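The sequence and structure are shown first.

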Amino acid sequence: MPFKISEASSYPWPVSGELAGHPWKMTAHFSFLPQDRIDELVIKTARRTALLERGEDDPKLQDVTALNTAAEVLVGWDDVTDDEGEPIEFSPQVAQKWLRIQGVASAVVAAWIESLQGAKRGNSKAPRGIG
């Protein structure tokens, strides 16, 4: 199968979570980031996670949060609705509000990392091409 270089700037990936005992799912549209930025985000996230698990922190990594990472990689969505079931149109401002709901940013980041790992395994759901 040939390697295709796509002009797409994002790719869809499923995200799921649970809020107060209620499961939810949606489709995120993740930005194609340059590999050096992906490496930086993944390495810094791993470093900060390891520090926090030991009860430590690094002031240089204070901006490495699920909220900030999710806000950077999430550029669109499908299947996000309001209380009446009406679709909520994506915008960075609406996403910031939505990502602040307990557990949402973490679920988005976990799905983004899963999408990167899927790409490494050659998973058929994985994004193709570079943007």
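His-29 is buried, at a relative accessible area of 19%, where buried means under 20% relative accessible area, exposed over 50% and partly exposed in between (1.4 Å probe, protein chains only). The residue belongs to strand E2, which spans residues 22-31; helices (H or I, at least four residues) and strands (E, at least two) are DSSP runs, numbered from the N terminus. The model is a predicted one, in which local features need pLDDT of at least 70 and side-chain atom pairs count only at pLDDT 80 or more, while totals for chains, interfaces and linings use all residues. Residues are numbered from 1 along each chain as its sequence is written, and side-chain values use heavy atoms, with hydrogens and water left out.

Contact is taken as heavy atoms within 4.5 Å. Leaving aside neighbours within four places in sequence, His-29 is in contact with Ser-10, Tyr-11 and Pro-12, and also with Val-73, Leu-74, Val-75, Gly-76, Trp-77 and Asp-78. Ser-31 is likewise found in strand E2 and counts as buried at 16% relative accessibility. With residues up to four places away in sequence not counted, Ser-31 touches Ser-9, Ser-10, Tyr-11, Glu-72, Val-73 and Val-75.

Phe-32 is placed in the loop between E2 and H1, and its relative accessibility of 15% makes it buried. Although Phe-32 and Tyr-11 are 21 residues apart in sequence, their C-alpha atoms are 7.3 Å apart in space.

**Packing of H1 and H2**

Two packed helices are described by the angle between their axes and the distance between the axes. Helix H1 (residues 35-53) packs with helix H2 (residues 66-73) at an angle of about 165°, and their axes are 12 Å apart. Axes here are lines fitted to C-alpha atoms, for helices over the stretch in contact, and angles run from 0 to 180 degrees between N-to-C directions. H1 and H2 are therefore roughly antiparallel to each other; angles under 35 degrees count as roughly parallel, over 145 as roughly antiparallel, 65 to 115 as roughly perpendicular and the rest as oblique.

In this packing, Arg-37, Leu-41 and Thr-45 of H1 meet Thr-69, Glu-72 and Val-73 of H2. The residues of the contact divide into two nonpolar, two polar and two charged. In this scheme, Ala, Val, Leu, Ile, Met, Phe, Trp, Tyr, Cys and Pro count as nonpolar, Asp, Glu, Lys and Arg as charged, and the others, Gly among them, as polar.

Leu-67, Thr-69, Ala-70 and Val-73 are buried in H2. Seen down the axis of H2, these residues fall within an arc of 165°, so they line one face of the helix; the arc is that of the directions from the helix axis to the C-beta atoms.

In helix H3 (residues 92-99), the residues Ala-95, Trp-98 and Leu-99 are buried. They cover an arc of only 95° around the axis, which puts them on the same side of H3. Gln-93 and Lys-97, on the other side of H3, are exposed. An α-helix has 3.6 residues a turn, so residues three or four places apart point the same way.

**Exposed loop residues**

| Residue | Loop | Relative accessibility |
|---|---|---|
| Ala-20 | between strand E1 (10-19) and E2 | 72% |
| Asp-79 | between strand E3 (74-78) and H3 | 54% |
| Pro-59 | between H1 and H2 | 68% |

Ala-20 has a phi near 50°, a positive value in a residue other than glycine. The phi of Asp-79 is positive as well, at about 70°, although Asp-79 is not a glycine. Pro-59 lies eleven residues from Arg-48 along the chain, and the C-alpha atoms of these two residues are separated by 9.9 Å.
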